[in-house]
Structures are given as C-alpha cells and as structure tokens.
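Please keep the sequence and the structure at hand while reading.

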Amino acid sequence: MNKVRPSAAEAVADIPDGASLAVGGFGLSGVPDVLIRALYDQGAGGLEVVSNNCGVDGRGLGVLLAAGRIARVTGSYVGENKEFARQYLSGELEVELTPQGTLAERLRAGGAGIPAFYTPAGVGTQVARGGLPWRYAADGSVAVASPPKETRDFAGRPHVLEHGITTDYALVRAWRGDRHGNLVFRRAAANFNPLAAMAGRITIAEVEELVEPGGLRPEEVHLPGVYVQRVVELSPAEAADKQIEKRTVRS
C-alpha cells in the first residue's frame, strides 16, 4: 500500500513514446511541473496529451511542447502559448478543441467507467456537425477535420454524443497526500486535477505535503487512493515554486 516513489524521475521512467497523458492544471495553477520536467528529462516523445490547456511558453506542458515531444492535444483553451499556436497552424501539432465543461465530464466519465454521454453543449456548431480543423497541412489547408457526432433529442431538446476519455497515464499535483494515494487539493489548484487523475490508468501524483496513513480525515479527502498508483513527495523548494500567469494590480 506504500505508493511513494523516491523521485519524480523514477515515477515517470516507464512512460513510453506515444503514450497518452491526462494532465491536471489550469493556466499555471495546480500544474504538475516537477513530473513534467522529469518526463522532459526522460525523453519520451510523440505524446498524446489531454489537458485544459498546454501550459505557457517555458512552463508546464509548454516545456514538452517546445521540445517537440507532443504530437496531439485534446483541450479547451489555447491560452498564451505562442509556440502552441505556431505548431498547430503550421501542421506540426494535432489539436482537438472541446468545450471546457465537456472536457471535464469526458475525463470524469472515463474515470467512472462511462463510455459516452449526451450533452447540449456544442449543438448547432461544428462541434456537432464536424469540420473543425484538427490538423493543418503545411500549405494551410485542413489535413484532418473532426468527424460529425451523433445527436439525439431528449425532452424535445437536441444533445450531442461525447465519449469518455481514458489515458495510459495521468500527471497531477495535490496539496496533501498520504502513502496510500489519498489526495487533498487546495482551492483553485484543484481545477482539472481530480478529473485527470480519474482518467489515467496509471496516475502519478506530486504532493506538496506527504502525511502518514491516518493523517488525512476521511471527510477531507478529495480523491481516494484507488485512483492513484504512484506518489512523489516534493521538496520545500519545489512545493513553493508557484508562478502566476498574469498579475493585475491597481495603477
């Protein structure tokens, strides 16, 4: 039951080329930076990533993206990552954009064993009709477009069929965790982390504070350890290394 690994490097050592990854975080909040950098050092490429966004230039998933390690992204927000936009528009990166709430539910459904569900989000748009450019060709034409999705009426309202997401691995960050893999997330840093953790067949969690079993009250656990296979304890410096994507102050 002791799921703690001695280092982030050992925790990600078996992730192969072409693996699919669900990664927590929103902007720069709750991003598993230590695991991402360990994966960068490990060298795996051709990765298929499912995450709300793809980090920013030089931070988070942006580190793997800039190195050409990511082949495909399923997400809901491009954000401030100029390299992401460049790779997508030049045909180097395949991108499946999906509504943010739909992405959250696709991850949760996959983790709960639900293969598909219907939602009104996207009805009447290219999300349902198909034709969204997933990959561009070098000449700017659309090389791969999204397929049309099944629609069905419920109570007189049209809904579109969306599929649950499961991935080979998941990388997440938690505030506190124990050796059994039970996790607690802090405030907005929870974001997509619990959902990504549910979707991964092998979930690796970096935790800012590691406690012994029994150190977490059952009612405060946000994600039970059944969803987590590996835990990495961060050093104080790693736990404190938190950047803000945009800082706004009064003039």
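## A buried charged pair

In this predicted model, Glu206 is buried, with a relative accessible area of 0%, and its salt-bridge partner is Arg173, the closest N and O atoms being 3.0 Å apart. Because Arg173 lies in strand E11 (residues 167–178) and Glu206 in strand E13, the pair ties together parts that are 33 residues apart in sequence. Arg173 is likewise counted as buried, since its relative accessible area of 6% falls under the 20% cut-off.

## A partly exposed pair between loops

Arg179 and Glu212 form a salt bridge in which the closest N and O atoms are 3.0 Å apart. This pair links distant parts of the chain, with Arg179 in the loop between E11 and strand E12 (183–184) and Glu212 in the loop between E13 and E14, 33 residues apart. Arg179 is partly exposed at a relative accessible area of 24%, and Glu212 is partly exposed at 46%.

## Other salt bridges

The structure holds 19 salt bridges, and a network of them links Arg72, Glu94, Glu96, Arg106 and Arg135. Within helix H5 (residues 100–112), Arg108 and Glu105 lie three residues apart, about one turn of the helix, and their side chains meet in a salt bridge (2.9 Å, N to O).

## Strand pairing around E14

Strand E13 (residues 200–211) pairs with E14 in the parallel sense over four bridges, and Val207 stands opposite Glu233 in E14. Strand E1 (residues 4–5) also pairs in the parallel sense with strand E14 (residues 230–233), over two bridges, where Val4 stands opposite Val231.

Definitions and conventions. Residues numbered from 1 in each chain as written. Predicted model: local features only at pLDDT ≥ 70, side-chain atom pairs only at ≥ 80, totals over all residues. Heavy atoms only, no water. Pairing = 2+ DSSP bridges. Salt bridge = Lys/Arg side-chain N within 4 Å of Asp/Glu carboxyl O. Buried < 20%, exposed > 50% of the residue type's maximum accessible area, 1.4 Å probe, protein only.
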